[in-house]
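Visitor: I would like to go through the labels used for this model and hear what each one rests on. Please give the criterion each time.

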Amino acid sequence: MVEGHRLGGYTYTAYKSAKSETTEPNDVVVLTGIARRADAVAALERAEVLADAVALTRDWVNTPPRDCTPPLLAEFSSRQRTRTSPRDAARPR
């Protein structure tokens, strides 16, 4: 649910002249008995990391080749790799 919500609000705005006030989806509150359990919190964090990684990948794919050259893409990806890997964060513990 978290991934769908976050990715549903994705828009590529790098070349838009007038940006909207907000590109973030509104908050969603889900009332459930498991909300505070450690496994539910961990699943939420993994979903957020995965959604962020997908949005970043979409930005790279949507950037025209004249602006996102192979050396620049390599620099972006190596910078992101030093952070927590989405693949590692998405693995169940």
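Visitor: What makes aspartate 52 buried, partly exposed or exposed?

Guide: This is a predicted model, in which local features need pLDDT of at least 70 and side-chain atom pairs count only at pLDDT 80 or more, while totals for chains, interfaces and linings use all residues. Residues are numbered from 1 along each chain as its sequence is written, and side-chain values use heavy atoms, with hydrogens and water left out. Buried means under 20% relative accessible area, exposed over 50%, and partly exposed in between (1.4 Å probe, protein chains only). Aspartate 52 has a relative accessible area of 42%, so it falls in the in-between class and is called partly exposed.

Visitor: How do you know that arginine 6 forms a salt bridge with aspartate 52?

Guide: A salt bridge needs a side-chain nitrogen of Lys or Arg within 4 Å of a carboxyl oxygen of Asp or Glu. The closest N and O atoms of arginine 6 and aspartate 52 are 2.3 Å apart, so the pair qualifies. Arginine 6 lies in helix H1 (residues 2-8) and aspartate 52 in helix H2 (residues 38-62), so the pair ties together parts that are 46 residues apart in sequence. Helices here are DSSP runs (H or I, at least four residues), numbered from the N terminus.

Visitor: Why is methionine 1 called exposed?

Guide: Its relative accessibility is 73%, which is above the cut-off for exposed, so the label applies. Methionine 1 is found in the segment before H1.

Visitor: What makes the largest pocket a pocket, and what is its volume?

Guide: On a 1 Å grid over the protein atoms alone, a pocket is an open set of points where a 1.4 Å probe fits, with protein on both sides within 12 Å along at least five of seven lines; lining residues have an atom within 4 Å of a point. The volume, the space filled by probe spheres set on points joined across faces, edges and corners, is about 640 Å³. Of the 21 lining residues, those closest to the centre are Met1, Val2, Val28, Val30 and Leu44. Helix H2 gives the largest share of the lining, six residues.

Key:
Helix = DSSP H or I, 4+ residues; strand = E, 2+ residues; numbered from the N terminus.
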